Amino acid sequence: MRGWDLLSILDLDPQHILDIVHRARQMSGEPAWPVLVGKNVALLFEKPSLRTKASFHVAVQQLGGYSFYMGPGEVELGAREAVSDVARVLSRYVDCIVARVNSHSSLKELAEYASVPVINALSDWEHPCQTIADLQTIHERKGTLEGLKITYIGDGNNVARSLCLGLASVGANFTIASPPGYRLDEETLEQARQRASAWNTDVTALVDPREALSNADVVYTDVWTSMGQEAEAEARRRDFQGYTVDPDLLSCARWDAIFMHDMPAHYGEEVAPGMLDHPQSVAFDQAENRLHAQKALLEYIIIRDG
Ligand code: CP
């Protein structure tokens, strides 16, 4: 059996998401079982990474498997070699391909031609592995996901998209505040509302960050300029004025709200200096949980369904 791909968080039904989150929580507190002995995982990255690369490597190692990394400029998907050929060749060597790509279409093509599962380690469209670790972190801190209000401040980007869809799938309310022109796309909001309808929860897109933060249990932000958008950085810094999460903005949320950032942080832009060390910040636990979430994902994708 080929097993399934994780290109979008929507590839997981709501119960799968919850199962993986609960398994990740379990795995954070116990030694890992060596379920990947004899299994090989390729990490194919077109963009830089700290957390995703390191956590996948360590996750595979803790599960008894072997991983190897091919970084930006090594394979040159679609330039040195056709994506379809890369997929078919790698499938002859490994049991899973973890890919960080410039374009989501490359990921789809990899999955179409690979005979092993393909995991999205970030594309320009989604970051589902980040979302699993985020849900795990929220569940650890709040004891539940159901009925919570998570407010995301900033760009309607790949991280926001997966987070919105993931939270809507598991019974949380999601609100995003973005400047005009940087909203989360309507298709994603509609997909999220469809999943939210099963829970009677809300998916809301606003402009005013203070209004969005009212009664929020979780405050989340991410960079204003994602990888590949560097030419827009100056315009974005101007357009996102007023969207920096600092202690004053955080105080618009509930008194017991947690603050999350998927990192890397750009201090002085989306987040004020020192905010990752704020008493309400869980950013470093969130980063650690990437490791446990990757173990739960790999176990689920390669062992249970593979
Ligand atoms: N959050 C995240 O994906 O970090 P990296 O880009 O360092 O992998």
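## Contacts of the ligand

An oxygen atom of the ligand is 2.6 Å from a side-chain N or O atom of T52. A polar contact here is a pair of N or O atoms within 3.5 Å. H127 also uses its side chain: an N or O atom there is 2.8 Å from a ligand oxygen. D262 uses its backbone instead, with an N or O atom 3.0 Å from a ligand nitrogen. Taken alone, the ligand exposes 250 Å², and the protein buries 95% of that (Shrake-Rupley areas, 1.4 Å probe).

This is a predicted model, where local features need pLDDT of at least 70, side-chain atom pairs count only at pLDDT 80 or more, and totals for chains, interfaces and linings use all residues. Residues are numbered from 1 along each chain as its sequence is written, and side-chain values use heavy atoms, without hydrogens and water.

## The shell

Which residues surround the ligand? They are S49, L50, R51, T52, R100, H127, Q130, D262, M263 and R290; near means a heavy atom within 4 Å. Two are nonpolar, four polar and four charged. Asp, Glu, Lys and Arg count as charged.

## Two domains

The protein is divided into domain 1 (9-126 + 290-305) and domain 2 (130-286). These bounds come from an automatic or database domain assignment. The C-alpha centres of the two domains lie 24 Å apart. Across the boundary, 26 residues of domain 1 are in contact with 25 residues of domain 2 (heavy atoms within 4.5 Å). Each domain gives at least three residues to the shell around the ligand.

How values were computed
Polar contact = N/O pair within 3.5 Å; in protein donor to acceptor, adjacent residues only side chain to side chain.
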